[in-house]
Amino acid sequence: MAFAGVLKDADITAALDGCKAADSFDHKKFFQVCGLAGKSADDVKKAFGIIDQDKSGFIEEEELKLFLQNFSAGARALTDAETKVFLKAGDSDGDGKIGVDVYVI
């Protein structure tokens, strides 16, 4: 699992179970349940690197849409509405992407 050594499998499963239905994803709740909210800056940077699939240094909208699949290949994609809310929460400068320096949990 991509997050081995950073997050517990049981916590990831619980977080994914909490947002199986479309439009049920809440990034703050997800981060809390999976345990990422309490992690060090280094662990958050590791997580960012996993989610940043193209290694551009930013998480763009298409990568964010597939956010849950970074935790489990069988997880659903975020809906357009969920993706836009999530992006808005992390995009502090309005450039349409999230940088590691503003990756706030």
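**View 1. Residues of the annotated binding site.** UniProt, in an unreviewed entry, places the feature "binding site" at Asp91, Asp93, Asp95 and Lys97; such annotations may be inferred rather than shown by experiment, and their positions follow the numbering used here. The model is predicted: local features need pLDDT of at least 70, side-chain atom pairs count only at pLDDT 80 or more, and totals for chains, interfaces and linings use all residues. Residues are numbered from 1 along each chain as its sequence is written, and side-chain values use heavy atoms, without hydrogens and water. Asp95 is found in the loop between helix H5 (80-90) and strand S2 (97-99); helices (H or I, at least four residues) and strands (E, at least two) are DSSP runs, numbered from the N terminus. Asp95 is partly exposed, at 36% relative accessibility (buried, under 20%; exposed, over 50%; partly exposed, in between; 1.4 Å probe, protein chains only).

**View 2. Surroundings of Lys97.** Lys97 lies in strand S2 and is partly exposed, at 26% relative accessibility. Beyond residues up to four places away in sequence, Lys97 touches Phe58, Ile59, Glu60, Leu87 and Asp91 (heavy atoms within 4.5 Å). The charged end of Lys97 sits over the ring of Phe58, 4.3 Å from its centre (NZ of Lys or CZ of Arg within 6 Å of the ring centre and within 35 degrees of the ring normal).

**View 3. Lys88 in helix H5.** Lys88 belongs to helix H5 and is exposed, with a relative accessible area of 71%. The C-alpha atoms of Lys88 and Ile98 are separated by 9.0 Å, while the two residues are 10 residues apart along the chain.
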